[in-house]
Amino acid sequence: MTCIFCAIATGEAAARIVYEDDQALAFLDVNPLTTGHTLVIPRRHVTDLLDADGAWARLGPALEATAALLVERLAADGLNAFQASRPAAGQTVFHLHVHLLPRWDDDGLISVHSLRAA
């Protein structure tokens, strides 16, 4: 099976790139939860955080630069970052990625602290 995020990283698939360096790539989510919802991925295929083999540390500069860019350009009041590893956690694309969600005061989205088991 072809990995869509690997195809984006190599330029074989289209994406709206907002940041890139030699280790990582950040692009707009095709199904955004907020304006500017961005995914940050390692260029090298890694399935998830539990299989990261150092890729997580190499994402740091891209995460910081992309977060700052989103807050500045979109005048966001805050930002959520989240990552899901494996299906039980909600992962649906099996290439390590971090979601960056710009947030605004009173944007109507719930707080992560509002998530509770039924």
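A residue is called buried when its relative accessible area is under 20%, exposed when that area is over 50%, and partly exposed in between (1.4 Å probe, protein chains only). The structure described here is a predicted model, in which local features need pLDDT of at least 70, side-chain atom pairs count only at pLDDT 80 or more, and totals for chains, interfaces and linings use all residues. Residues are numbered from 1 along each chain as its sequence is written, and side-chain values use heavy atoms, with hydrogens and water left out.

Strands (E, at least two residues) and helices (H or I, at least four) are DSSP runs numbered from the N terminus. Six of the six residues of S5 (residues 98-103) are buried, so the strand is largely enclosed by the rest of the structure. Val-98, Leu-100 and Pro-102 cover one side, while His-99, Leu-101 and Arg-103 lie on the other, and all are buried.

Two strands pair if DSSP finds at least two bridges between them. S3 and S5 run antiparallel and are joined by three bridges; Thr-38 has Leu-100 as its bridge partner in S5. Strand S4 (residues 78-82) also pairs with S5 in the antiparallel sense, over five bridges, and Gly-78 is partnered there by Arg-103.

Turning to the cysteines, a disulfide is a pair of cysteine sulfur atoms within 2.5 Å, and the count by this rule is zero. The sulfur of Cys-3 has its closest cysteine sulfur in Cys-6, at 3.7 Å, which is too far for a bond. Cys-3 counts as buried because its relative accessibility is 17%, whereas Cys-6, at 23%, counts as partly exposed.
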